[in-house]
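Subject: Structure handover

Hello,

Here is the structure we talked about, for you to open and look through. My notes on what was found in it follow below.

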There are 2 protein chains.
Amino acid sequence: MAQRHPDPTDPRGEPVPADALAAYLRAQAVEFLRALRLHREAGTQSAAPCGPDAEEPADAALALRRSARRISGTLHTYQPLLDADWAEAMRPELAWLSGTLSREHACASRLERLLTTLHRLSGTPAFPGPAAPAGRAAVAAPASGPAGTAVPVARTALPDRGQLTVGAARAGALLDRRLTLARTRAHSAALQALGSSRFHAVADAVALLASEVPLRAGAAGADLRAPAAAAEGRLTDAVTALPLASAGHPYNAQALDQGLSPDAAPHPQDAPWLQVRLLLRLHRYAREVLLGPGGTDPDAAWLGAAGQALDRHRDAAEAAAEAAQAARTPRIAPATAYALGVLHAAQRHEVEAARYAFRHGRQRAATGTPR
Amino acid sequence: MAQRHPDPTDPRGEPVPADALAAYLRAQAVEFLRALRLHREAGTQSAAPCGPDAEEPADAALALRRSARRISGTLHTYQPLLDADWAEAMRPELAWLSGTLSREHACASRLERLLTTLHRLSGTPAFPGPAAPAGRAAVAAPASGPAGTAVPVARTALPDRGQLTVGAARAGALLDRRLTLARTRAHSAALQALGSSRFHAVADAVALLASEVPLRAGAAGADLRAPAAAAEGRLTDAVTALPLASAGHPYNAQALDQGLSPDAAPHPQDAPWLQVRLLLRLHRYAREVLLGPGGTDPDAAWLGAAGQALDRHRDAAEAAAEAAQAARTPRIAPATAYALGVLHAAQRHEVEAARYAFRHGRQRAATGTPR
């Protein structure tokens with residue numbers, strides 16, 4: 001086993017001075033500006049959106065979101081050590097930016113997840129090929145008449161496979177149309193945001209941050225471990241409040257509870273899990289500050305596994321809600337609605353599987369690396 | 001821990017003479033005749049089908065099926081020791097009888113399973129009360145016009161709960177109508193069978209068996225452990241061929257594979273599990289013969305748990321197929337079809353859960369009681 005790195009929040013260790021906070025924020029600001037430059041260059045150079053450079057804007061947008069999230073989370077956790085007015089003004093702007101930039105990718109990956117599941121369920125490529133969200137340029141969806149009146153069956157030549165596989169094909173076409181449209185809108189919104197004066201104000205503030213971090217008076221002598229421990233405490237409390245005993249029991253079928261209730265999208269039972277996902281991210285960023293550049297988190301394995309499980313939870317829950325929402329399209333065929341019902345339930349079981357994975361990953365971490 | 005009983009098939013133990021086979025068959029024949037008498041008495045006495053005696057015919061039918069299955073299974077396993085012509089003529093007749101008698105109960109419990117799941121899914125009693133299959137007399141379903149044109153919503157007063165809960169209510173009403181009709185037909189078929197000359201021939205043959213078991217010449221000196229071990233070998237081979245590695249992995253999502261394929265009902269992937277269920281039953285009956293009256297099977301716990309898991313597998317698979325079949329009713333509302341899709345997937349996950357339970361019950365038995 002590799003040598004275990006010390007826990008950065010260990011109260012028996014060395015205090016971590018506020019310098020580390022300033023250095024982390026400066027580094028993230030530099031990352032943000034670099035990603036922004038890359039994004040602009042990629043946008044200028046590549047006229048053909050499907051060329052080899054097509055993924056560059058997506059990568060740059062990812063890097064922009066990544067540093068925006070880290071700056072925002074750090075302002076939250078270490079707010080007692082920062083200029084309060086500045087931090088309070090900055091956070092919602094960063095949240096707006098990363099939210100706006102994430103939507104296009106979310107639509108693409110939701111469509112991919114749903115079509116992949118439909119493919120598995122029908123055992124045939126009953127819809128137009130697997131989606132390739134990263135490399136595929138957003139195209140404008142055809143203007144639709146009264147929603148869903150006549151969802152065209154996928155244009156691939158289908159063998160005669162009976163009603164339900166036609167249902168899967170139609171469900172795939174309906175989801176493709178809905179999510180491609182949503183993705184196109186998200187793409188336009190992101191482009192518009194990046195050209196807005198609101199965005200330029202954020203970029204200016206981040207540029208200032210790259211040279212000078214507005215620490216609160218007297219913060220220089222503070223120990224960063226206290227706010228980091230508080231962030232960990234909030235995470236621990238939220239995890240303790242989760243229904244982990246039932247989540248650890250395989251096939252408990254709870255994720256489908258009230259799945260046919262009209263209040264089902266979003267599911268109220270998901271909220272505490274989504275909250276833990278956000279708190280886990282704040283905890284991870286808080287530790288990055290303490291560990292400093294090049295520092296390796298001794299909890300990296302568990303943090304990574306838990307984060308993956310919670311991402312899967314979020315993605316599956318949103319995909320399930322999308323299937324349920326698509327099923328409310330007026331005048332769809334019963335076979336389409338049936339396929340969407342199966343798809344919804346399959347995604348809710350993914351939600352349940354993600355909770356199980358979170359629960360058992362945590363248990364393995366607890367027994368493998370006692371703290 | 002209780003004292004461990006010796007394994008009846010242990011080759012180091014005492015041989016089991018053919019007398020035990022004759023005694024077992026005679027005892028089962030006596031059980032059969034007793035159940036038949038009870039069934040006739042209950043049918044004559046209780047004019048009111050909902051009175052306190054209403055369950056007696058069901059209990060008697062259960063006892064009839066129970067002994068018919070045991071006689072049939074025993075004829076199969078120990079056929080080398082029995083008069084071949086007689087055994088070969090007898091088995092299909094017993095299979096016909098137990099099959100005919102089981103259908104009414106199967107329809108009732110399938111409906112109960114589906115309505116219970118719908119209830120959990122919708123979080124409301126959105127259909128007419130929980131089914132009470134054992135005590136509830138089969139009533140004739142109203143003659144239906146073009147199937148499913150206008151499925152009436154359940155007559156209980158429903159609060160305004162939006163489209164999907166109405167979908168659950170309609171799905172419940174549709175399933176109730178289909179399975180009540182099927183149950184009524186099964187009830188009539190069972191009554192007709194019990195009055196047929198074919199049944200009287202079976203009853204006469206069983207009555208003969210109660211007094212004399214037609215052993216093959218030379219069987220008196222045989223050891224019953226050899227045919228019992230062969231039955232166990234057939235079970236072991238079939239279990240070994242099951243995809244136990246993936247079934248032991250929770251949330252493997254395999255039971256839903258090809259769930260939208262038109263060939264999905266019955267699912268081809270279920271066949272080996274259904275076969276193991278039958279072989280396990282033959283194995284259990286073969287051991288009952290060896291253990292003799294009052295004998296306790298040392299493997300009773302594992303045989304019971306495995307049998308329950310496989311029964312659950314069969315029941316959930318049939319309920320899932322019923323939901324899929326109901327969804328093909330022409331002209332149903334999309335909300336009804338959506339609810340049936342969710343219901344189908346929920347039952348397929350029950351199938352998967354049952355495989356998981358079988359796999360892990362077997363593992364626990366293997367580590368807890370080494371053989």
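B:Arg287 is buried, at a relative accessible area of 1%; buried means under 20% relative accessible area, exposed means over 50%, and partly exposed lies in between (1.4 Å probe, protein chains only). This side chain forms a salt bridge with B:Asp299, with 3.5 Å between the closest N and O atoms. (A salt bridge is a side-chain nitrogen of Lys or Arg within 4 Å of a carboxyl oxygen of Asp or Glu.) The pair links distant parts of the chain, 12 residues apart: B:Arg287 is in helix α8 (residues 271–291) of chain B, and B:Asp299 is in the loop between α8 and α9 (300–326) of chain B. Helices here are DSSP runs of H or I with at least four residues, and strands are runs of E with at least two, numbered from the N terminus. B:Asp299 is buried too, with a relative accessible area of 5%.

A note on conventions before the rest. This is a predicted model, in which local features need pLDDT of at least 70 and side-chain atom pairs count only at pLDDT 80 or more, while totals for chains, interfaces and linings use all residues. Residues are numbered from 1 along each chain as its sequence is written, chains are lettered from A and ligands numbered from 1 in the order in which they are written, and side-chain values use heavy atoms, with hydrogens and water left out.

Salt bridges

Side chains of opposite charge can pair when their charged atoms come close. Over all chains, the structure holds 35 salt bridges. One of them joins B:Glu104 and B:Arg183, at 3.8 Å from N to O. B:Glu104 lies in helix α3 (residues 84–122) of chain B and B:Arg183 in helix α4 (residues 162–194) of chain B, so this pair ties together parts that are 79 residues apart in sequence. Both of these residues are buried.

B:Arg225 and B:Asp223 also meet in a salt bridge, at 2.9 Å from N to O.

In chain A, a network of salt bridges links A:Asp7, A:Arg287, A:Asp297 and A:Asp299.

Cysteines

How many disulfides does the structure hold? The count over all chains is zero, a disulfide being a pair of cysteine sulfur atoms within 2.5 Å. A:Cys107 is buried at 8% relative accessible area, and B:Cys107 is buried at 7%. A:Cys107 and A:Arg183 are 76 residues apart in sequence, but their C-alpha atoms are 5.4 Å apart in space. A:Arg183 is in helix α4 (residues 162–194) of chain A and is buried at 8% relative accessibility.

Where the chains meet

The contact (heavy atoms within 4.5 Å) takes 42 residues from chain A and 42 residues from chain B. About 3600 Å² is buried between the two chains, and carbon and sulfur atoms give 66% of that area. Buried area is the accessible area (1.4 Å probe) that two parts lose on being put together, summed over both.

Between chain A and chain B there are two salt bridges. One of them pairs B:Arg120 with A:Asp257, at 3.2 Å from N to O. On the side of chain A that touches chain B, the elements that give two or more residues are α3 (84–122), α4, α9 (300–326) and α10 (334–368) of chain A. Of these, α10(A) gives the most, with 14 residues.

Regards
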